[in-house]
Amino acid sequence: AKEQGRDGWRFFSEEIHEQARKRLDISNGLRQAIQNAELEIRFQPILCTESQIIRGAEVLLRWMPPTGEIPPSLFIPIAEMSGSIVPIGKWVFQAACEAERDWFARFGEQAPYVSVNISARQLNDESVVEAFSEILRDTGADPSRLLLELTETSLMSDVTSNLRLLHRLADLGLRVAVDDFGTGYSSLAQLLRMPVNFLKIDREFVDGLDKRHDSKAIVSAVCSMARAMQLQVVAEGVENETQHGYLRDIGCDYVQGYFFHRPLPPSEFLSLLLESDAQ
Ligand code: C2E
Ligand code: CA
Ligand code: CA
Ligand code: CA
């Protein structure tokens, strides 16, 4: 039994070593990802719950190194820890601004707004405000048509300093969404002190809508609270008609999820817009 235990330990420690090596490979690879042109974006449509017209798109990052695609759930946390998320985040914001400008040129006021994920780590970096305002100026994108998605947890992680940079970004005219709402423990009082325009209800609650009683109560409470605070609500991760039906009954403003569309390559998203524009 003792021998077995020792072997088990060796196996375990090799496993840890292997994981550490993988993380290091990812961290090194990410540093070259921009210059090697390995980053791509997808757009996932965000629709008006009632009319199902596309009103926005969430930008989702994809990394395709020669060794094969690595999912954001794996590389984003590593990019956050190594600091690569700062240059990568600027690259994503630039791509988002270019898209917004192109869509606005084609569709005018009917063009979808663009929603970009921002890590807490990016709000720790003083250069973010200067960089974003330069990108806005260079691309000519309308900041009020761009939304920054920050998770509830990252907004609350370092409230005072995050808040200061967040206010400066909002002063540029950018709008702010609280991502994964309901998963953190923010108080309403704290939320009201932030320049927030949208709440995105976490997939966990949407997923429970057709399974659990309390999810419907929670989503419904969030929507009425949001109305009282003059915030708009997006439900993410909508996967079936039942969930969509509940969200319509509850009066949730926008929906996003596989039931409507998966994240799409830019050309496919544009075709979709052109199709609906022709109708
Ligand atoms: P998130 O911001 O919560 O994004 C939503 C995730 O849910 C996306 O995963 C999306 O593809 C997925 N999703 C959308 N609809 C459905 C659905 O109906 N069912 C299910 N099961 N999933 C759905 P993805 O693209 O793998 O991204 C994962 C996370 O990585 C994102 O979660 C976000 O936290 C992070 N991320 C992605 N792109 C960026 C980026 O450019 N910057 C930063 N900082 N983080 C990013
Ligand atoms: Ca998001
Ligand atoms: Ca989310
Ligand atoms: Ca999430």
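## The barrel and its surroundings

Ala 57 has Val 114 as its bridge partner in strand 3. Strands here are DSSP runs of E with at least two residues, while helices are DSSP runs of H or I with at least four, and both are numbered from the N terminus. This is a predicted model, in which local features need pLDDT of at least 70, side-chain atom pairs count only at pLDDT 80 or more, and totals for chains, interfaces and linings use all residues. Residues are numbered from 1 along each chain as its sequence is written, chains are lettered from A and ligands numbered from 1 in the order in which they are written, and side-chain values use heavy atoms, with hydrogens and water left out.

**The sheet**

- Eight strands form a closed barrel in the order 1-2-3-4-5-6-7-8, with mixed pairing; two strands pair if DSSP finds at least two bridges between them.
- Strand 2 (residues 54-63) and strand 3 (residues 113-117) run parallel and are joined by four bridges.
- Helix 10 packs on the sheet, where it touches strand 5, strand 6 (198-201) and strand 7. The direction of helix 10 makes about 175° with that of strand 6; such angles run from 0 to 180 degrees between N-to-C directions, using axes that are lines fitted to C-alpha atoms, for helices over the stretch in contact.

**Val 219 in helix 10**

- Val 219 sits in helix 10 (residues 213-228).
- Is Val 219 buried or exposed? Val 219 is buried, because its relative accessible area is 0%. Buried means under 20% relative accessible area, exposed over 50%, and partly exposed in between (1.4 Å probe, protein chains only).
- Beyond its neighbours within four places in sequence, Val 219 is in contact with Ile 201, Phe 205, Leu 209, Leu 247 and Ile 250; contact means heavy atoms within 4.5 Å.
- Gly 89 is 130 residues from Val 219 in sequence, and their C-alpha atoms are 30 Å apart in space.

**Nonpolar cores**

- In soluble globular proteins, nonpolar side chains tend to be buried together.
- Which residues touch the most other members of the largest nonpolar core? They are Trp 103, Leu 199 and Leu 247, out of 77 residues in that core. Helix 3 (residues 85-107) gives the most to this core, with eleven residues.
- A nonpolar core is a set of buried Ala, Val, Leu, Ile, Met, Phe, Trp, Tyr and Cys residues joined through side-chain atoms within 4.5 Å.
- Leaving aside neighbours within four places in sequence, the contacts of Trp 103 include Phe 43, Ala 57, Val 114, Phe 269 and Leu 273.
- Another core, of seven residues, lies apart from the largest one, and Tyr 113, Leu 147, Phe 198 and Val 234 are among its members.

**Calcium ions**

- The calcium ion (ligand 3) is coordinated at 2.3 to 2.6 Å by Asp 179 (OD), Asp 180 (OD), Glu 236 (OE) and Glu 236 (OE). Donors are N, O and S atoms within 2.8 Å of the metal (3.2 Å for Na, K and Ca), and water is not among the atoms, so sites may look incomplete.
- Asp 180 lies in strand 5 (residues 175-181) and Glu 236 in the loop between strand 7 (232-235) and helix 11 (241-250), so this pair ties together parts that are 56 residues apart in sequence.
- Asp 180 is partly exposed, with a relative accessible area of 23%, whereas Glu 236 counts as buried at 12% relative accessibility.
- Asp 179 bridges the calcium ion (ligand 3) and the calcium ion (ligand 2), which lie 3.7 Å apart.
- Asp 180 coordinates both the calcium ion (ligand 4) and the calcium ion (ligand 3), which are 3.4 Å apart.

**Salt bridges**

- How many salt bridges does the structure hold? There are 14 salt bridges, each one a side-chain nitrogen of Lys or Arg within 4 Å of a carboxyl oxygen of Asp or Glu.
- Arg 42 pairs with Glu 40 in a salt bridge, with the closest N and O atoms 3.1 Å apart. Arg 42 counts as buried at 14% relative accessibility, while Glu 40 is partly exposed at 34%.
- Glu 241 and Arg 248 meet through their side chains in a salt bridge (3.7 Å, N to O).
- A network of salt bridges links Glu 18, Arg 21 and Asp 25.
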